[in-house]
Amino acid sequence: MIYTLEKIAPKDYEGNMVFLYGDETAERSLPLSKKETALVKIRREENKEFLLSFDRLPFRLYFLSFDSEKAPAEVQESLRRSAMNLLKQFEADRVEEVAVCAEGTLPEEVAALLEGLSLADYSFDRYKNKPPYHLQKVAVDTVYFKNKELEAMQHLWNRIFWCREWVNLPVQDLNAPAFADELASIAADLEGVRCTVMDKRQIESLRMGGLLAVNRGSVDEPRFVVLEYDGTSTTSRTSKTSKTSQPICLVGKGVMYDTGGLNIKPEDYMQEMKSDMAGAATMASVLFAAADNHLPVHLVALLPLTDSRPGFNAYAADDILTMYDGTTVEVVNTDAEGRLILADAIAYAVKNYNPRVIIDAATLTGAAVRAISTFGIAAMEQNGRKELEMLKLVGEQVYERLVEFPMWKEYDELIKSEYADLRNCGTTPQAGTITAGKFLARFAKETPYVHLDIAGVAYFSKAQHCWRPGASGYGIRLLYAYLQMQ
Ligand code: BES
Ligand code: ZN
Ligand code: ZN
């Protein structure tokens, strides 16, 4: 989709138009007849949120009314969501180009609608012989944004698009080596981003016992990808400390496909497990978006990539692994593979980067989905109170919300092993999300650490809000907004 900035006078605009109407201050510029204005008044008395469509042959006028009296985050979210209805209407009317205009509406409200259109217009099409409907062009009135502002928003939305595309790609077409190559080629073209791809031999010499164990049943080699972007060294050239600024480390679970391994997933539980690399895709996308828009932050993304299969010399329950930092782990269930590859990446961050904070994103537990369904992220912290509070706050603003789970010391007992330092899943099936978070926190040691379990939100089986079925890119807007606050 292309966005352009144009001067748009609603009353004499020649083209399809979406008119955003938040309150009566817009009345002066209403492109409606007296009768239609009366109809709008009646509808608004019943409910402030509605969509009307008027024929203006050869064009159409979409009148989108919203309730500007709600809290700002609620207003923006309702506009984001109305985008899906709008798109359905566009499709029915075969409308491919529209202008968005408004009066008395705030730029962030217009931005929310554009964001919703961008999220809602995405669908995973590349295996379809006949491409489905898409909105082609959206023109926006110049009063709302400067060129640079619209461009920055588009950069972010484009990264979300690509994250969703990667997550939706089946493992046949995106395995660990292919994904690593893709990330490296993007990094090569992006100013200020460095990419290091470690292959199996290098991962072996680093002794990443978790990543290697999970990979043992696969024909495809693992990769460990490190992306670095430092926007602090250029913005503060005068400051001598900028060179050594502590990075924010972003760790992402990159299980390209999760069969469960020898504890193979039964029945239809395996379906959609191509999305088990959504954490890695999210973190790479956040770093790329920060680099696109030159955010003044120092980021390192650490992405362990492999699929998990029961083939060959696959790792087995009862195996005892030695992780990157020397911790030993008893494998109790090979399907709790995410924490094994993440533990190595978190320990690697602690040892090599002196991080200000480590944040991970992972489709880690089915228990997170059972606890809160598909409406938010299950979050935990260790020495990361300030960071988690900030994430919760921006989460409410962008409506990618976090709910905090406890990290009480009692849970530590559940991951103690009889034969090793830790076991890879709890002694009871209860509190599965928390025991997973507890396991990971051990590897962060003293470093401020925030864990984001995105199992419920990374991939939607059914359409939800402004997302069609499939990968959502949920979490990118959250983390980007968090970085903007640094
Ligand atoms: N990738 C899954 C978690 C998952 C489940 C994500 C459903 C998205 C939707 C993870 O690797 C897994 O299998 N976890 C197990 C852990 C258990 C064996 C301790 C789970 O949650 O059942
Ligand atoms: Zn699993
Ligand atoms: Zn998994």
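User: Which residue bridges the zinc ion (ligand 3) and the zinc ion (ligand 2)?

Analyst: Aspartate 258 does, and the two ions lie 3.3 Å apart. Keep in mind that this is a predicted model.

User: Where do lysine 253 and aspartate 276 lie?

Analyst: Lysine 253 is in the loop between β9 (248–252) and β10 (254–258), and aspartate 276 is in the loop between β10 and α9, so the pair ties together parts 23 residues apart in sequence.

User: Is lysine 253 buried or exposed?

Analyst: Buried, because its relative accessible area is 2%, and buried means under 20%. Aspartate 276 also counts as buried, at 2% relative accessibility.

User: OK, over to the zinc ion (ligand 2). What are its protein donors?

Analyst: Asp258 (OD), Asp335 through both O and OD, and Glu337 (OE), at 2.0 to 2.2 Å. The spacing there is D-x76-D-x1-E.

User: Why is the arrangement around the zinc ion (ligand 2) irregular?

Analyst: Because its six donor atoms subtend angles of 70 to 168°. To count as octahedral, six donors need opposite ones over 155 degrees apart and all others between 65 and 115.

User: Are aspartate 335 and glutamate 337 buried or exposed?

Analyst: Aspartate 335 is partly exposed, at 24% relative accessible area, whereas glutamate 337 is buried, at 0%.

User: Next, ligand 1. Which residues come nearest?

Analyst: Of the 15 residues around ligand 1, the nearest are Lys265, Asp276, Asp335, Glu337 and Gly366. One oxygen atom of ligand 1 is 2.8 Å from a side-chain N or O atom of lysine 265. For aspartate 258, the distance from a ligand 1 oxygen to a side-chain N or O atom is 2.9 Å. A nitrogen atom of ligand 1 is 3.3 Å from a polar backbone atom of threonine 363.

User: What does phenylalanine 288 contact?

Analyst: Beyond its neighbours within four places in sequence, its contacts include Arg159, Trp166, Leu183 and Leu227.

Key: Residues numbered from 1 in each chain as written. Chains lettered and ligands numbered in written order. Predicted model: local features only at pLDDT ≥ 70, side-chain atom pairs only at ≥ 80, totals over all residues. Heavy atoms only, no water. Donors = N, O, S within 2.8 Å, 3.2 Å for Na, K, Ca; no water. Tetrahedral: all angles 85-135°; square planar, octahedral: opposite > 155°, others 65-115°. Buried < 20%, exposed > 50% of the residue type's maximum accessible area, 1.4 Å probe, protein only. Contact = heavy atoms within 4.5 Å. Near = heavy atom within 4 Å. Polar contact = N/O pair within 3.5 Å; in protein donor to acceptor, adjacent residues only side chain to side chain. Helix = DSSP H or I, 4+ residues; strand = E, 2+ residues; numbered from the N terminus.
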